[in-house]
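Reader: I have a model open and a few things to ask about it. Can you walk me through the packing and pairing?

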Amino acid sequence: MAKLQLDDAVSIPETAFELSEHLGFSRAQPALWAWYEIAGSVLSHYVVDQEVRLQRLLNWFYNDLGFQAREDYFSVEAADLCYCVLKRQGNSTTLATLLVLLAKQLDLPLEAVLLPGQTVLRILLNDKIRYFDSLTGKELSRHQLHSLVRGELGNAAKLKPSHIKPVSLKRLISRMLHELKAGCIVSQKFEQAMECCNLLLQWHPDDVHLNRERAFIAQQLGCIKVAMSDLQHFIDNSPHDPVIELVKMQLKELSQHSQIYH
């Protein structure tokens, strides 16, 4: 797997397509041609009234083009933007990403919001902020947004302003990478999962939880020294984390394992 260097100059969908090809999931060029066709077609739905323009976009995207949630929702395919464009199936992040891009073509200020566990859409129209489910295109009330947060974080969780704040393209790509990584782990594609962690750490070098995740993946690949190094990094940099004792036990077990086999 050739080394890919991420930087802050993110463009969508190109960056996401390049990541998919780099990880060995899809070829970028067919997805790019499919995207050009869709992006060109959306302009026929431009009308003066913004509200009508938004509704026409949503109807065209979900009903005419048939974009929908993929049945195996937590798979690599659902998290792969190339696959989403070509097969018109995805998860909340890939579907939201395409809609944000298409809305931009129509001068609609649609933005992505990263709720815990689900990506939704936000738009400011006529001085009113509204939210939409990217899996269906249906409007969401604040109560429904709160229900989504509680479903992920527990019944005591509150809906915080940070939960419903629009995000940058870099954050959106980061969530895609996290979801690709999760799909890789589920399907035991540990080499690609490791590369997802490596790429995320380029952008988020201070996120020690990524080191802990990479340690688990490295262990599955038999890279015990890498796993031990990442666990030690976690211990050194987050001594007060609630899981620190568990991580210390994991490191001790790996150390014993390393001594036995070496």
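Reader: Start with charges. Which residue does E111 form a salt bridge with?

Author: E111 pairs with R122 in a salt bridge. The closest N and O atoms are 3.1 Å apart. Keep in mind that this is a predicted model.

Reader: Where do those two residues lie?

Author: E111 is in strand β3 and R122 is in strand β4, so the pair ties together parts that are eleven residues apart in sequence.

Reader: And how many salt bridges does the count come to?

Author: The count comes to seven salt bridges. Side chains of opposite charge can pair when their charged atoms come close.

Reader: OK, on to the sheet. What order do the strands have?

Author: The order is β3-β4-β5-β6, in an open sheet of four strands. The pairing is antiparallel.

Reader: Which strands stand at the edges?

Author: Those are β3 (110–115) and β6 (139–140). Each has a single partner strand, so one side of each is left without a neighbour in the sheet.

Reader: How many bridges join β3 to β4?

Author: Six bridges join β3 to β4, which covers residues 118–125. In that pairing, L114 stands opposite T119 of β4.

Reader: What about β4 and β5?

Author: Six bridges again join β4 to β5, residues 128–133, and the two run antiparallel. I123 stands opposite R130 in β5. β4 and β5 form a hairpin with two residues between them. N126 in that turn has a positive phi of about 55 degrees.

Reader: And what joins β5 to β6?

Author: Two bridges, in the antiparallel sense. F132 has E139 of β6 as its bridge partner. This hairpin has five residues between its strands. G137 in the turn has a positive phi of about 85 degrees.

Reader: Which helix packs on the sheet, touching β3 and β4?

Author: Helix α6, residues 92–105, packs there. Its direction makes about 25 degrees with that of β4. Helix α8, residues 169–186, also lies across β3 and β4. α8 runs at about 50 degrees to β3.

Reader: Stay with α8. At what angle do α8 and α9 pack?

Author: About 155 degrees, with the axes 8 Å apart. Helix α9 spans residues 190–203. α8 and α9 are therefore roughly antiparallel to each other.

Reader: Is that crossing left-handed or right-handed?

Author: α8 passes α9 in a left-handed crossing.

Reader: Which residues meet there?

Author: From α8, they include K170, I173, L177, H178 and I185. From α9, they include F190, Q192, C196, L200 and W203. The residues of the contact divide into twelve nonpolar, three polar and two charged.

Reader: Which hand does the crossing have?

Author: The crossing of α1 and α2 is right-handed.

Reader: Which residues make that contact?

Author: α1 contributes E14, F17 and E21. α2 contributes A28, Q29, A31, L32 and W35.

Reader: How do they divide into nonpolar, polar and charged?

Author: The contact of α1 with α2 has five nonpolar residues, one polar and two charged.

Technical notes
Residues numbered from 1 in each chain as written. Predicted model: local features only at pLDDT ≥ 70, side-chain atom pairs only at ≥ 80, totals over all residues. Heavy atoms only, no water. Left-handed = near helix turned anticlockwise from the far one by under 90°. Contact = heavy atoms within 4.5 Å. Nonpolar A, V, L, I, M, F, W, Y, C, P; charged D, E, K, R; others polar. Pairing = 2+ DSSP bridges. Axes fitted to C-alpha atoms, helices over the stretch in contact; angles between N-to-C directions. Salt bridge = Lys/Arg side-chain N within 4 Å of Asp/Glu carboxyl O. Parallel < 35°, antiparallel > 145°, perpendicular 65-115°, else oblique.
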